[in-house]
Structure formats: structure tokens, C-alpha cells
Amino acid sequence: MTTITPCLWFESRAAEALELYTSLFSDARVHSETRWPDGTPNAGALLSADFELAGQRFILIDGGGPGFTDAISLAVVVETQDEVDHYWSALLADGGEESMCGWLRDRFGVSWQVTPSILPRYMSDPDPARARRVTEAMMKMRKIVIAELEAAYAG
């Protein structure tokens, strides 16, 4: 099932933000956390988290550096390449702009991520080599290509 989740982008203080936000709401839950893989500049630090506040699911990303202006985006999580292609093409139509790592801005200026559900699962694999290969592959993509993620995961 396709879902849309608000995504919050941080340059370096995502772990602090997650701690604050989840401490404020009594029903807050952290569903998962992903760490930067070994071999990356921020190895071991929080990369992303999937969490819930007052019944609303959120994604939080620590981008690890300045220069990214989309502090909030809408993440469309899908299962298949056909779904990736469908949303990617439709959201770019009539003046949208591609960015990197599955991000784009539609013709209205709204920032989106079109993400296959396997991406966070692969990036949080307990095998650091697999997680690093998938992260490196994703960092080179504009639109996410599932077959390329699977190839990176397999080695």
C-alpha cells in the first residue's frame, strides 16, 4: 500500500530533534532508526528515524551538511518500480524539477521523495558492507531504481 509521510530534514541535529519531539508527546513512538553506515563520514550517527507523534507518522533525516533547503517534504513510500516511475513522472510533469536520492520538486514548489520500501530496509541492514553499498548507490541516483539497489545489496 502506498503511503505519504511528512519528512523533516536536519543538517546535523536530527538526534536532538527526535529526542525533544518524542519527549513532548506521551504517545510518541520511534518505529525505527537508521545509522550512517561504516565507511561514511558520519558513521554511526543517526541518519533517519521513522516515528509517530499524536498518531501522525513522520520521517526524520539528518542530511549531514548545509545547502539543502527543503526542510520538509512529503515521502511517498511504494513497493514496485512501476509505482516509483508513475509518481516520479506525474510529479515532475509540467515543470517539476529532479533532485538527488529520490527527491523532486513538483511544479507548485512542493518537495517530494518517491521511495521504494526496500530502501530503508537495505540501508539499515546489519551487514555494514551491504548498507554502505546501497547508500552509495542511492546517493548517485536521481529517481530510485530498485534493480540497482538490489544489485548493490547483493554485492
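**Close-up views of a predicted model**

**View 1. Lys143 and Asp85 form a salt bridge.** Lys143 has a relative accessibility of 28%, so the residue counts as partly exposed. The model shown here and in every view below is predicted. In this bridge, the closest N and O atoms of Asp85 and Lys143 are 3.0 Å apart. The structure holds seven salt bridges.

View 2. Glu16 is partly exposed, with 47% relative accessibility. Arg13 counts as exposed, because its relative accessibility of 52% passes the 50% cut-off.

**View 3. Arg132 and Glu136 pair along helix α4.** Where do the two residues lie relative to one another in helix α4? They are four residues apart, so about one helical turn separates them. An α-helix has 3.6 residues a turn, so residues three or four places apart point the same way. Arg132 is partly exposed, at 27% relative accessible area. Glu136 is partly exposed too, at 40%.

**View 4. Trp9 and Trp103 form an edge-to-face aromatic pair.** The count of aromatic pairs comes to three. In the Trp9–Trp103 pair, the ring centres are 5.5 Å apart and the planes stand at 90 degrees. Trp9 lies in strand β1 (residues 3-10) and Trp103 in strand β7 (residues 103-105). The pair therefore ties together parts that are 94 residues apart in sequence. Trp9 is buried, with a relative accessible area of 17%. Trp103 is buried as well, at 6% relative accessibility.

**View 5. Phe51 and Phe58 form a stacked pair.** The centres are 5.5 Å apart. The angle between the planes is 20 degrees. Are these two residues buried or exposed? Phe51 and Phe58 are both buried.

**View 6. Arg130 places its charged end over the ring of Tyr153.** The distance to the ring centre is 4.4 Å.

**View 7. The largest nonpolar core has 22 residues.** Which residues have the most contacts inside this core? They are Leu119, Val134, Met138 and Leu149. At least two residues each come from β1, β4 (56-62), α3 (118-123), α4 (128-139) and α5 (146-154). Val134 touches Leu119, Tyr122, Met123, Leu149, Ala152 and Tyr153, leaving out residues up to four places away in sequence. Another core, of 11 residues, lies apart from the largest one. Among its members are Leu8, Phe10, Ala14 and Phe58.

**View 8. Helix α1 (residues 14-24) has buried residues on one side.** Ala14, Ala17 and Leu18 are buried. They cover an arc of only 100 degrees around the axis, which means that they lie on the same side of α1. What covers these buried residues of α1? The cover includes β1, β2 (29-35), β3 and β4. On the other side of α1, Glu19, Ser23 and Leu24 are exposed.

**View 9. Ser48 sits in strand β3 (residues 46-53).** Ser48 is buried, because its relative accessibility of 16% falls under the 20% cut-off. Which residues does Ser48 contact, leaving aside neighbours within four places in sequence? The contacts are Ser32, Glu33, Thr34, Leu60 and Ile61.

**View 10. Asp94 has a positive phi, and Asp94 is not a glycine.** The phi value is near 60 degrees. Asp94 lies in the loop between α2 and β6 (97-98). At 65% relative accessibility, the residue is exposed.

**View 11. Cys101 has a positive phi although Cys101 is not a glycine.** Its phi is about 60 degrees. Cys101 is found in the loop between β6 and β7. Is Cys101 buried or exposed? With 17% relative accessibility, Cys101 counts as buried.

Definitions and conventions: Residues numbered from 1 in each chain as written. Predicted model: local features only at pLDDT ≥ 70, side-chain atom pairs only at ≥ 80, totals over all residues. Heavy atoms only, no water. Phe/Tyr/Trp six-rings, centres within 6.5 Å; stacked < 30°, edge-to-face > 60°. Buried < 20%, exposed > 50% of the residue type's maximum accessible area, 1.4 Å probe, protein only. Lys NZ or Arg CZ within 6 Å of the ring centre and 35° of its normal. Core = buried A, V, L, I, M, F, W, Y, C linked by side-chain atoms within 4.5 Å. Contact = heavy atoms within 4.5 Å. Salt bridge = Lys/Arg side-chain N within 4 Å of Asp/Glu carboxyl O. Arc of directions from axis to C-beta.
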